[in-house]
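Please find below a briefing on one protein model.

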Amino acid sequence: MTHRDRKAMANGGRLNERVAIVTAAAGAGMGRAIAERFATEGARVVLTDAHQKRVSEEAARFTEKFGYPALGMAVDVRSQEQVDACVRKTLEAYGRIDILYNNAGINKLQNVWELSDETWDLVIGVCLTGTFRFARAVLPSMIDRKTGVVINVSSIAGWHSDTGGGGGQSAYAAAKSGIMGFTRAVAAEVGRYGIRVNAIAPGLIYNPFLERIYPKEWFAQKAQETVLGRMGNPDDVASLAVYLASDEAAFITGEVLCVSGGRYMHA
């Protein structure tokens with residue numbers, strides 16, 4: 001735990017006693033980093049992941065580290081039944097949901113003329129439909145309380161075609177662009193209830209899983225494409241996530257904020 005983490009916990013944190021659901025929170029990447037930072041800032045984090053063993057182990061680790069009985073649930077975000085069960089159990093345990101962080105995502109590279117229905121349905125289902133399903137399930141309780149924050153995870157792929165990457169991103173780009181439009185539309189619908197909805201569009205954020213998809217030389221090339229000359233790390237995204245979830249961002253909604261080290265700059 002860093003000095004910043006200890007200081008935040010000692011001061012109660014920017015998210016003190018708020019209840020946050022973080023999807024895909026038990027892997028090695030952004031979801032786990034966001035869940036950690038939310039908990040460090042005082043939130044009660046409900047962890048979800050597609051893998052039961054992994055999320056159970058992560059919940060046990062959270063319970064030991066942060067001193068509260070963390071909930072960990074296996075949830076396939078494509079299943080409305082599982083999503084609804086997660087929301088119901090969270091409300092039963094805590095009585096409210098203050099923050100939803102829609103992190104679940106997946107990619108499978110296939111050129112569009114070779115793109116199977118199965119791959120299209122998988123990528124769109126997890127990234128876009130899963131974001132919709134969780135938002136739909138959580139928003140009624142937020143509307144009742146006239147407060148809440150939803151943060152969706154998009155990508156610079158929603159804006160930018162990576163022409164040097166060999167292609168195969170059409171399903172992922174469609175999903176992530178869809179999340180941008182979905183975020184703006186939902187923000188417009190729920191603002192009158194005191195609910196803020198924003199999205200984060202990361203660039204290349206390193207985690208070990210990516211090495212199963214891309215060769216090592218690809219990472220060095222992409223790092224050099226950023227203005228800052230490095231790849232991002234999950235904590236780069238977590239810092240923005242905490243800000244958007246906190247009262248410091250009380251007048252920000254309907255925005256898509258880019259975290260790419262300058263690899264993609266948009267107007």
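Does A24 count as buried, exposed or partly exposed? A24 counts as partly exposed because its relative accessibility is 26%, where buried means under 20% relative accessible area, exposed over 50%, and partly exposed in between (1.4 Å probe, protein chains only). The model is predicted: local features need pLDDT of at least 70, side-chain atom pairs count only at pLDDT 80 or more, and totals for chains, interfaces and linings use all residues. Residues are numbered from 1 along each chain as its sequence is written, and side-chain values use heavy atoms, with hydrogens and water left out.

**Positive phi angles**

- A24, a residue other than glycine, has a positive phi near 50°, and its place is in the loop between β1 and α2.
- E17 is not a glycine either, yet its phi is positive, at about 65°.
- E17 lies in the loop between α1 (3-10) and β1 (19-22); helices (H or I, at least four residues) and strands (E, at least two) are DSSP runs, numbered from the N terminus.
- With 41% relative accessibility, E17 counts as partly exposed.

**Packing of α2 and α3**

- Helix α2 (residues 30-40) packs with helix α3 (residues 52-66) at an angle of about 25°, and their axes are 11 Å apart; axes are lines fitted to C-alpha atoms over the stretch in contact, and angles run from 0 to 180 degrees between N-to-C directions.
- Helix α2 is therefore roughly parallel to α3, a term for angles under 35 degrees.
- The contact (heavy atoms within 4.5 Å) involves R32, A35, E36, A39 and T40 of α2 and E58, R61, F62, K65 and F66 of α3.

Technical notes: Parallel < 35°, antiparallel > 145°, perpendicular 65-115°, else oblique.
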